[in-house]
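Here is a short report on one protein model. Please read it alongside the sequence and the 3D view.

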Amino acid sequence: MTHGTVAALKPERIAINQATTRKQWDFREAVEGYARHGVHWIGAWRDGIDKYGIAEVKRLLADNGMSVTSLNRAGPLVGLDRANRQSALDDARRALDQAAEISAGCLPVLPGSLPPGSKDLSGVRTQYQDMLAELLVPARKAGVPLALEPLHPMVAADRSCMNTMTDANDLCDALGPGIGILLDVYQVWWDTRLEAEIMRTGKDRGRLLGFHVSDWLVPTRDMVFDRGMMGDGVIDLRLIRGWVEAAGYDGPVEIEIFSSLDWWTRNPEDVVKISLERCRTVV
Ligand code: ZN
């Protein structure tokens with residue numbers, strides 16, 4: 001078992017995704033708030049750029065010694081008619097430019113899924129691969145890796161037609177350099193192939209672009225907005241971190257808790273404090 005041998009998580013590797021304090025703090029407050037607690041990696045959302053402008057965003061990041069793990073996000077790309085598909089690609093190109101400007105580690109690309117009335121899941125999956133191939137051209141030029149984040153199959157009909165680490169690894173194999181994987185434990189913890197597919201990312205150094213942590217509550221009351229605090233659910237976080245590190249990943253470990261029912265209603269200072277404590281004790 002890798003379990004017993006996983007070293008304590010170094011505090012300098014901890015990142016917080018803005019989603020974690022989404023209802024309490026805007027971009028500036030999140031950057032300043034996380035920095036106050038000694039965190040110097042942020043998973044940023046594009047609405048911060050919309051609100052403050054790219055120059056002010058860069059200044060806030062620099063003033064707080066903050067680096068950006070990823071810029072959320074491009075997409076959805078599939079299940080759209082021709083006109084909307086073009087505007088989704090144009091928007092994704094703008095996201096690439098923004099990600100390059102703020103030196104984000106990667107740009108996640110949300111797939112989307114079935115258009116209204118359709119049952120053609122394999123069709124939208126093929127379409128997603130084609131759209132990624134198209135987006136890879138400017139992504140390679142910009143030097144920003146595209147990140148595939150498989151989402152739990154319970155959202156396969158609407159949010160994401162890509163649902164497993166196997167699918168993500170297969171896409172990376174098919175598409176070549178400039179694309180990698182964001183592993184979010186909430187999405188993939190249940191998968192019998194998880195360890196094997198994490199090891200598969202290690203064969204191509206750099207394929208794993210990020211590692212998101214939260215927990216799976218029993219019961220889960222909302223598919224998207226009821227993620228648990230690390231340690232409150234059933235995911236063996238340290239075991240999975242051990243696999244990720246055995247595969248060669250030594251990048252940021254990112255707290256990402258979507259929780260309209262609980263953590264978004266709490267004092268954000270407490271949310272950050274408790275998150276950091278749980279990183280020490282259970283991640
Ligand atoms: Zn995530």
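The lining of the largest pocket has 16 nonpolar, 5 polar and 7 charged residues. That makes a lining of 28 residues. R73, L151, R159, R227 and F258 lie nearest the pocket centre. β3, β6 and α7 (185–188) each supply at least two lining residues. The space in this largest pocket is about 420 Å³. The model is a predicted one, and the total for the lining uses all residues.

Two of the elements that supply the lining, β3 and β6, are also strands of the sheet. In general, strands of a sheet pair through backbone hydrogen bonds.

One pairing can be followed by residue. β7 (residues 208–213) and β8 (residues 253–255) pair in the parallel sense, over 3 bridges. H212 has E254 in β8 as its bridge partner.

Next come the helices. Helix α5 (residues 121–142) lies across β5 (146–148) and β6 (179–184). Relative to β5, α5 runs at about 150°. Helix α5 also packs with helix α4 (residues 82–101). Two packed helices are described by the angle between their axes and the distance between the axes. For α4 and α5, the angle is about 35° and the axes are 10 Å apart. The crossing of α4 and α5 is right-handed.

Which residues of α4 and α5 meet? From α4 come R85, L89, A92, R93, L96 and A100. From α5 come Q127, M131, E134, L135, P138, A139 and A142. By class, this contact has 9 nonpolar, 1 polar and 3 charged residues.

Some backbone geometry deserves a check. Most residues other than glycine have a negative phi, and most peptide bonds are trans.

| Cis peptide bond | Omega | Loop holding the proline |
|---|---|---|
| G75 and P76 | about 5° | P76: between β3 and α4 |
| V218 and P219 | about -5° | P219: between β7 and α9 (237–246) |

Where is S103 found? S103 is in the loop between α4 and β4. Its phi is positive, about 55°, although S103 is not a glycine.

How values were computed: Residues numbered from 1 in each chain as written. Predicted model: local features only at pLDDT ≥ 70, side-chain atom pairs only at ≥ 80, totals over all residues. Heavy atoms only, no water. Pairing = 2+ DSSP bridges. Helix = DSSP H or I, 4+ residues; strand = E, 2+ residues; numbered from the N terminus. Contact = heavy atoms within 4.5 Å. Axes fitted to C-alpha atoms, helices over the stretch in contact; angles between N-to-C directions. 1 Å grid on protein atoms, 1.4 Å probe; cavity = no way out; pocket = protein on both sides within 12 Å on 5 of 7 lines; lining within 4 Å. Points joined across faces, edges and corners; volume = space filled by probe spheres on them. Nonpolar A, V, L, I, M, F, W, Y, C, P; charged D, E, K, R; others polar. Left-handed = near helix turned anticlockwise from the far one by under 90°.
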